[in-house]
Amino acid sequence: MKKVLGLILVLALLSLSFGVALAQDTVKIGANLEMTGAVAAYGQMVWEGVNLAKEISGDQVLGKNIELVLVDNKSDRVESANAANRLIDYEKVVAMIGPAISGSMLAIGPICDEKQVPVISASATNPLVTQDRKFVFRACFRDDDQAAAAAQFAIEELAAQTAAVLSDIAQDYCVALGNFFKEAFEERGGQIVSDQYCKTGDQDFSAQLTTIINSNPDVLYLPNYYTEAALICSQARDLGFEGMILGADGADAPELVSIGEEAVEGVYFTAHADTAHAITEIGEQFFSLYREKHGREPSAFEALGADAYLIIIDAIKRAGELDPVKIRDAMEDTENLEVVTGIVTIENGDNKKPIVVKQVQGGEFVFVTTIEY
Amino acid sequence: MTWVTFFQQLMNGVSLGSLYALLAIGYTLVYGILGLINFAHGDVFMLGAYFAFFMIAIFMLPWWLGVIVGIVLCAIVGMTIERVAYRPLRDAPRISALITAVGVSFFIENLGLVTVGARPKGFPRPDLMKNVYILAGARIHGVTLWVPIISLAILAVLLFIVYRTKMGMAMRAVAKDMEATRLMGVNVDRVILLTFALGSALAGAGGVMWACKYPQINPLMGVFPGWKAFTAAVVGGIGNVVGAMIGGFIIGVAEIMIAAFFPSLTGYRDAFVFGILIFFLLIKPSGIMGETLKEKV
């Protein structure tokens, strides 16, 4: 009887140590994303893209299983910082996919630098996000480039001479992008005739729009996230605005059409990728798998989420070990890596990507042109 | 600013204010009868929009029927909240009921986040609610014309119920003295339940009208409109239905005008509205239409 008990005990101990060994065999990658709150669509799309990329590129790196740890940052700066601390201190992640929006990325940058864990955002476009930050990266282009492309498109392709801007005073992304656009538009000989502000969560924009319409601009520039952009378009058309509307990558979510309906028809916006025409092999694979799974066209955010994930995995492979500092160095050395939206070379945490212009036509986002810079 | 622009801005304000007014009536009704500030009102407002959305988009009901079913469901939710959350606390101090109301509000918001998700949905609108009318150079949204009509109709029904029916008489009696009313053989629980049903139905109707004007619904959509309507109710004199409507228009017009005349201050729009609330609480806590009540002895 004793022997049997002893055997059971040994077996139990063995299985226990086996369990521990299993735990050590995983590579933890954090995902600090907007699953709820004002910009939940971005976080959910990025998460979708990350998981799809994992499905395509395999579950393992350096012979260990990859484990994604998701924490919801509620689209909030403070919650993003809390989530970053939790992922680094408690979950011990070796790298993190950061918040989709610039304001939250700016909040967690100092934390990742201090704790020396690399973070990459799929879509935080504000130039300040990576500036003077050793451990902060992005998978997308920057807003100064995006605004310049938008101004160039407005003047050259849309033949606009005057523009109005309605920016969101509560978002780093919107304020900076609006300012870059104003500079770039005036630099190219255009004139800004009205400069208005709103606040995230506002639902009524009639006061600002009435003032804008009164100044009669050729084009209305909206450096906003999708919910505000859709509501602004709908109220602008209700108030009789007949000019062109030009948005930014923040408008690139299916909600733009589901909320804005016919009011967003004809709206142009700058975007990260032309998902209808993949440039790389993995891009083609990703887009067709997405269409097969969801029966609809993927958006740029899913593609960028996949990019962020692929950049981390590639860096871990090249680093050869699970040391966050080595992974960071490998990320900075990323060169000509084929990802979903194209080919990536990272420099000072940023990478230069061509900027795509899309237009809403019949409720679909249709590719118009690519602007190189 | 030209006259036409000013008139357009005024219409923008009236348009927003009419929605606040519709919501404020619900706050004031429940307060007038129970002395309870139902902070979950803004969330029932959100539920109204969602119920109507699901009825129309998923169960394919015609628009008007979907809206009616949505409003009825809101009334049921209101009665459930009263039965589950407020009734056990009826004899507790007022502060307990107030805290419970805030709790119910958070509960509904987060339940919404978990069940339907945080991504906003577009709200289906009939053409009647989408059309834009032009009046003396100002463009007015269809909803703006309908809301006052609907509000007045609701007001008429309310006044009829409160002053011309037995149930209304019971409501007024409960408002005066709950214990004495119970001694007179009135089923007080039923009266209060009905009050909540009425208030919640109003919130549901408000939610649908709001979604017609701002066709974006999400689980937190009721928070700010709710607070602003509460402000409107206080400004107009809480407990007074006509005051609530006046308060709604004042808040709506004030909010638009600050953005129209001081574009650089638009970020302080909400702060300005709540500044009005603080101002009234300090200077005239009984509101514009409210009477200063003597303490009951």
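Colleague: What makes strand β2 (residues 60-61) and β3 of chain A a pair, and in which sense do they run?
Modeller: This is a predicted model, and in it β2(A) and β3(A) are joined by 2 bridges in the antiparallel sense. Two strands count as a pair if there are at least two bridges between them, so 2 bridges meet the cut-off. Val61(A) stands opposite Lys64(A) in β3(A).

Colleague: What do β2(A) and β3(A) form, and which residue in the turn has a positive phi?
Modeller: They form a hairpin with 2 residues between the strands, and Leu62(A) in the turn has a positive phi of about 55 degrees.

Colleague: How many bridges join β1(A) to β3(A)?
Modeller: There are 8 bridges, and this pairing is parallel. The cut-off is at least two bridges, so β1(A) and β3(A) are a pair as well. Here Gly30(A) stands opposite Val69(A) in β3(A).

Colleague: Where does Asn336(A) sit, and why is it called exposed?
Modeller: Asn336(A) is in the loop between α12 (324-332) and β12 (337-338) of chain A. Asn336(A) has 7, so it is exposed.

Colleague: And Gly189(A), is it buried or exposed?
Modeller: Gly189(A) has 8 other C-beta atoms within 10 Å, so by the cut-off of 12 or fewer it is exposed. It belongs to the loop between α6 and β8 of chain A. Its C-alpha atom is separated by 8.5 Å from that of Ile155(A), 34 residues apart along the chain.

Colleague: Where is the kink in α4(A)?
Modeller: The kink lies at Ile108(A), shortly before the proline Pro110(A), and is about 35 degrees. Just after α4(A), Gln116(A) takes a positive phi of about 55 degrees.

Colleague: Why is α4(A) called mostly covered?
Modeller: Of its 14 residues, 10 are buried. Among them are Met105(A), Leu106(A), Ile108(A) and Cys112(A). The elements covering the buried residues include β1 (26-33), α3 (77-90), β4 (95-98) and α6 (172-187) of chain A.

Colleague: What is the strand order of the open sheet of 7 strands?
Modeller: The order is β8-β7-β9-β10-β11-β14-β15 (chain A), with mixed pairing. β8 (191-198) and β15 (364-371) of chain A are the edge strands, as each pairs on one side only. From one strand to the next the twist averages 25 degrees. α6(A) packs on the sheet, touching β7 (162-168), β8 and β9 (219-222) of chain A, and its direction makes about 165 degrees with that of β7(A).

Colleague: In which sense do β10 (residues 244-247) and β11 (residues 268-271) of chain A pair?
Modeller: They pair in the parallel sense over 2 bridges, and Leu246(A) stands opposite Tyr268(A) in β11(A).

Colleague: What makes both faces of β11(A) count as covered?
Modeller: Tyr268(A) and Thr270(A) on one side are buried, and so are Phe269(A) and Ala271(A) on the other. In a regular strand the side chains alternate between the two faces of the sheet.

Colleague: Last one: how many residues of chain A are in contact with chain B?
Modeller: 30 residues of chain A are in contact with 25 residues of chain B. α7(A) gives the most to that side of chain A, with 6 residues. The residues on that side divide into 10 nonpolar, 15 polar and 5 charged.

Technical notes: Residues are numbered from 1 along each chain as its sequence is written. Chains are lettered from A and ligands numbered from 1 in the order in which they are written. This is a predicted model: local features need pLDDT of at least 70, side-chain atom pairs count only at pLDDT 80 or more; totals for chains, interfaces and linings use all residues. The bend at a residue is the angle between axes fitted to the seven residues ending there and the seven starting there. Helices (H or I, at least four residues) and strands (E, at least two) are DSSP runs, numbered from the N terminus. A residue is buried if 20 or more other C-beta atoms lie within 10 Å of its own, exposed if 12 or fewer, and partly exposed in between; C-beta atoms are placed from the backbone. Two residues are in contact if their C-beta atoms, placed from the backbone, lie within 7 Å. Axes are lines fitted to C-alpha atoms, for helices over the stretch in contact, and angles run from 0 to 180 degrees between N-to-C directions. Ala, Val, Leu, Ile, Met, Phe, Trp, Tyr, Cys and Pro count as nonpolar, Asp, Glu, Lys and Arg as charged, and the others, Gly among them, as polar.
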